[in-house]
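Here is a short briefing for a first look at this structure. Keep the sequence and the 3D view open as you read.

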Amino acid sequence: MARKVSICIPCYNNVAEVKRLLDSIYCQDYTDFEVNISDDSTENATERLVREHYSGVNYFHNAKPYGHIFNWNAAIRMAQGTYIKIMFSDDWFTFSDSLGKLVALLDKNPNAALAFSGSRQVMLDEQNINALHHVSVHETSSYDRFADNGFIERLYRDYRNLFLGNQIGAPSATLYRRGSELTFFDERSNWASDMFLYFDLLEKNPVFAYTKEPLISIGVHKKQYTESFAKNDLRIYNDYRYMYLKYHLQENFACRAYFTEKFLLKYHRGLREAKELGIDKHMFFQKWFVEQKATIQCFLRNRLQSK
């Protein structure tokens, strides 16, 4: 008999983090779940851990690593449950009732396809340093984040407003309904792969449920996938350009304005690119003049202060 929730875990050479996550799973009050692990590891430590201590886990060790997003989807493909719970292996459930509260969000909102919660951001790199000085990690190296009221109102009004800033957070802080077929991460995406997943879900069904409570703890560290991107990495621009076109965001005035300001100008794209993306020259030059004005004012202030 299939379990209600499929917890899908991709991992790669991080057995200690996988153990922390599994321990947080098996102390949950809610127990109607299955655990699926797709392991990209190049060693056998995670496999030994699972085989010896977590016999109920559906585990698969990939003969050859798939790579980040491909392995995420491999874990989702293992799912048999009605609700899909992606959990990155460096994250974990904050409380023993975390999973139950996420499930309740969808149970109480049967029209919703997506549920999400707040999260506790835990600085894992700082944790190692603080441990040496016997400093409380919770007090010094973590903070809670959640979607503010303005974001929720914008998302209720038009799901495409997600493009203006992602406050849903990391995929580990979400739970989504299976639907007639599984929803995966877009394997053409890079930087904003989480937003592609949310867009695919909300495009089919814009109804969602949420809580501000930090039900999930997110392990923040320098080895994360997003840390491999430079500040003005062209892959980030290409990702948002692809998103802008895939979901027809040129039809939304706020999305056109946002893309012009935050991407076209920041990445020094010209008017030809703007026209290809459905952005008229009036909007392009309006944003350009605002940017130039701010640059000139900053230059003049620095000159005055240096005298």
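**Briefing: salt bridges, cores and surface**

Asp233 is buried, with a relative accessible area of 14%. Buried means under 20% relative accessible area, exposed means over 50%, and partly exposed lies in between, using a 1.4 Å probe and protein chains only. Asp233 forms a salt bridge with Arg235, with the closest N and O atoms 2.8 Å apart. Arg235 is partly exposed, at 35% relative accessible area.

This is a predicted model: local features need pLDDT of at least 70, side-chain atom pairs count only at pLDDT 80 or more, and totals for chains, interfaces and linings use all residues. Residues are numbered from 1 along each chain as its sequence is written, and side-chain values use heavy atoms, leaving out hydrogens and water.

**Confidence**

- The chain has a mean pLDDT of 90, and 88% of its residues reach 70 or more. pLDDT is the predictor's confidence in each residue, from 0 to 100.
- Residues 129-140 have pLDDT below 50. Beyond near neighbours in sequence, this stretch has 9 contacts in the model. Contact means heavy atoms within 4.5 Å.

**Salt bridges**

- The structure holds 16 salt bridges. Each is a side-chain nitrogen of Lys or Arg within 4 Å of a carboxyl oxygen of Asp or Glu.
- Asp186 pairs with Lys246 in a salt bridge, the closest N and O atoms being 2.6 Å apart. This pair links distant parts of the chain, 60 residues apart: Asp186 sits in the loop between strand E8 (174-177) and H8, and Lys246 sits in helix H9. Helices (H or I, at least four residues) and strands (E, at least two) are DSSP runs, numbered from the N terminus.
- Asp186 is buried, at 10% relative accessible area. Lys246 is partly exposed, at 29%.
- Arg51 forms a salt bridge with Glu47, and their closest N and O atoms are 3.6 Å apart. The two are separated by about one helical turn because they lie 4 residues apart in helix H2 (residues 45-53).
- Arg51 is exposed, at 52% relative accessible area. Glu47 is partly exposed, at 21%.

**Nonpolar cores**

- The largest nonpolar core has 51 residues. Such a core is a set of buried Ala, Val, Leu, Ile, Met, Phe, Trp, Tyr and Cys residues joined through side-chain atoms within 4.5 Å.
- Those with the most contacts inside this largest core are Phe163, Phe199, Tyr240, Met243 and Phe259. Elements giving two or more residues to this core include helix H8 (193-204), helix H9 (234-246) and helix H10 (253-264). H8 gives the largest share, 7 residues.
- Leaving aside neighbours within four places in sequence, Phe259 touches residues including Phe163, Tyr240 and Leu277, all by contact.

**Helix H3**

- Phe70 lies in helix H3 (residues 68-77). Phe70 is partly exposed, at 39% relative accessibility.
- Phe60, Tyr66 and Phe70 form a nonpolar patch on the surface, with about 320 Å² of accessible area together. Patches are made of residues with over 30% relative accessible area and no salt bridge; like charges are joined within 9 Å, nonpolar side chains (Val, Leu, Ile, Met, Phe, Trp, Tyr) within 5 Å. Accessible areas come from the Shrake-Rupley method with a 1.4 Å probe; for residues, only the protein chains shown count as cover.
- Arg77 is in helix H3 too. Arg77 is partly exposed, at 49% relative accessible area.
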